[in-house]
Amino acid sequence: MKAYIFPGQGAQFSGMGLDLYENSPLAQNLFEQANAILGFNITDIMFEGSAENLKETKVTQPAIFLHSVILAKTLGDNFKPDMVAGHSLGEFSALVANGTLNFEDGLKLVSQRAIAMQKACEFQPSTMAAVLGLDDDIVEKICAMTEGIVVAANYNCPGQLVISGEVEAINKACEALTKEGARRALVLPVGGAFHSPLMEPAREELAAAIENTIFSEPNCPIYQNVTANAVIDNSAIKTNLISQLTAPVRWTQSIQQMITDGATLFTEVGPGKVLQGLVKKIDRTAETASATFEINS
């Protein structure tokens with residue numbers, strides 16, 4: 001069975017999507033639609049902007065979404081997923097890919113999500129840190145023991161868990177995790193504490209937008225971050241998508257469940273190859289690939 005996976009924030013690079021724009025009339029049309037929907041030329045930043053320009057959350061999230069979704073659309077008849085999943089932001093790309101959301105609604109939600117998250121980040125200083133080389137339960141235990149807000153946020157693969165929370169609490173947790181034997185406990189250059197209780201203001205803001213958006217019947221299951229299970233019910237998809245902002249990304253568990261349910265090939269759709277690397281660390285026998293588009297689509 002074919003599984004398609006979609007990357008999240010951090011996969012961006014300068015020049016992303018330019019090859020699609022220059023070689024596919026379909027892609028060019030969708031990029032121009034996106035500029036009109038967003039009210040600014042995101043293509044200028046994607047194609048020519050610096051890494052610093054691309055790092056701003058309100059730019060990064062729609063940029064990665066556009067690269068992933070437009071690439072999927074250029075695949076034409078070759079794009080026939082049996083199941084989909086997306087890492088954090090990538091869940092929105094996956095929902096367009098499996099027909100739950102249309103292109104315009106997906107982009108609007110991603111833009112609203114990015115702006116809401118940016119505001120939440122500015123409201124309270126917060127950050128995230130990558131913890132390498134410890135079992136998940138040890139990391140969870142130390143987070144629970146640390147004073148302040150600090151929680152497990154991204155279960156990326158065995159031995160790699162990202163924690164999220166208040167700056168001081170993250171620093172304390174990193175010290176404790178290093179003493180516990182972590183190979184590394186490294187604070188990340190991110191704008192705030194994604195997938196933590198500190199994103200509650202953004203969750204509330206996004207909830208209203210999601211509830212007011214039409215979700216169609218998906219053409220294949222999505223394995224959502226919150227549950228790590230296959231979901232096809234629209235109301236459940238909405239609930240999980242809203243919960244995602246303050247809940248952890250259970251990527252390890254999602255991939256394991258997809259394999260249990262019959263996934264034999266994981267194709268990453270979007271910038272970079274980060275997810276393919278994580279899949280291989282979760283199951284060395286899993287087959288992975290990058291999506292490539294047809295120029296005459």
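1. The N-terminal end of helix α7 is capped by Asn102 in this predicted model. A side-chain oxygen of Asn102 lies 3.2 Å from the backbone nitrogen of Glu104.

2. Helix α7 covers residues 103-123.

3. Helix α7 packs on helix α10 (residues 200-211) at an angle of about 165°, and the two axes are 8 Å apart. Because angles over 145 degrees count as roughly antiparallel, α7 is roughly antiparallel to α10. The crossing of α7 past α10 is right-handed.

4. Which residues of α7 and α10 meet? From α7 come Leu109, Gln112, Arg113, Ala116, Met117, Lys119 and Ala120. From α10 come Ala202, Glu205, Leu206, Ala209 and Ile210. Sorted by class, this contact of α7 with α10 has eight nonpolar residues, one polar residue and three charged residues.

5. An α-helix has 3.6 residues a turn, so residues three or four places apart point the same way. In α7, the residues that meet α10 include Leu109, Gln112, Arg113, Ala116 and Ala120; in α10, those that meet α7 include Ala202, Glu205, Leu206 and Ala209.

6. Helix α10 also packs against helix α11 (residues 234-243), at an angle of about 160° and with the axes 9 Å apart. That angle makes α10 roughly antiparallel to α11. Here too the crossing is right-handed.

7. On the α10 side, the contact with α11 is made by Arg203, Ala207, Ile210 and Glu211. On the α11 side, Lys238, Leu241 and Ile242 take part. By class, the contact of α10 with α11 has four nonpolar, no polar and three charged residues.

8. Ile210 of α10 deserves a separate entry. Ile210 is listed in the contact with α7 and also in the contact with α11.

Conventions
Residues are numbered from 1 along each chain as its sequence is written. This is a predicted model: local features need pLDDT of at least 70, side-chain atom pairs count only at pLDDT 80 or more; totals for chains, interfaces and linings use all residues. Side-chain values use heavy atoms; hydrogens and water are left out. Axes are lines fitted to C-alpha atoms, for helices over the stretch in contact, and angles run from 0 to 180 degrees between N-to-C directions. Helices (H or I, at least four residues) and strands (E, at least two) are DSSP runs, numbered from the N terminus. Angles under 35 degrees count as roughly parallel, over 145 as roughly antiparallel, 65 to 115 as roughly perpendicular and the rest as oblique. A crossing is left-handed if the near helix is turned anticlockwise from the far one by less than a right angle, and right-handed if clockwise. Contact means heavy atoms within 4.5 Å. Ala, Val, Leu, Ile, Met, Phe, Trp, Tyr, Cys and Pro count as nonpolar, Asp, Glu, Lys and Arg as charged, and the others, Gly among them, as polar. A polar contact is a pair of N or O atoms within 3.5 Å; within protein, one must be able to donate a hydrogen and the other to accept it, and residues adjacent in sequence count only if both atoms are side-chain atoms.
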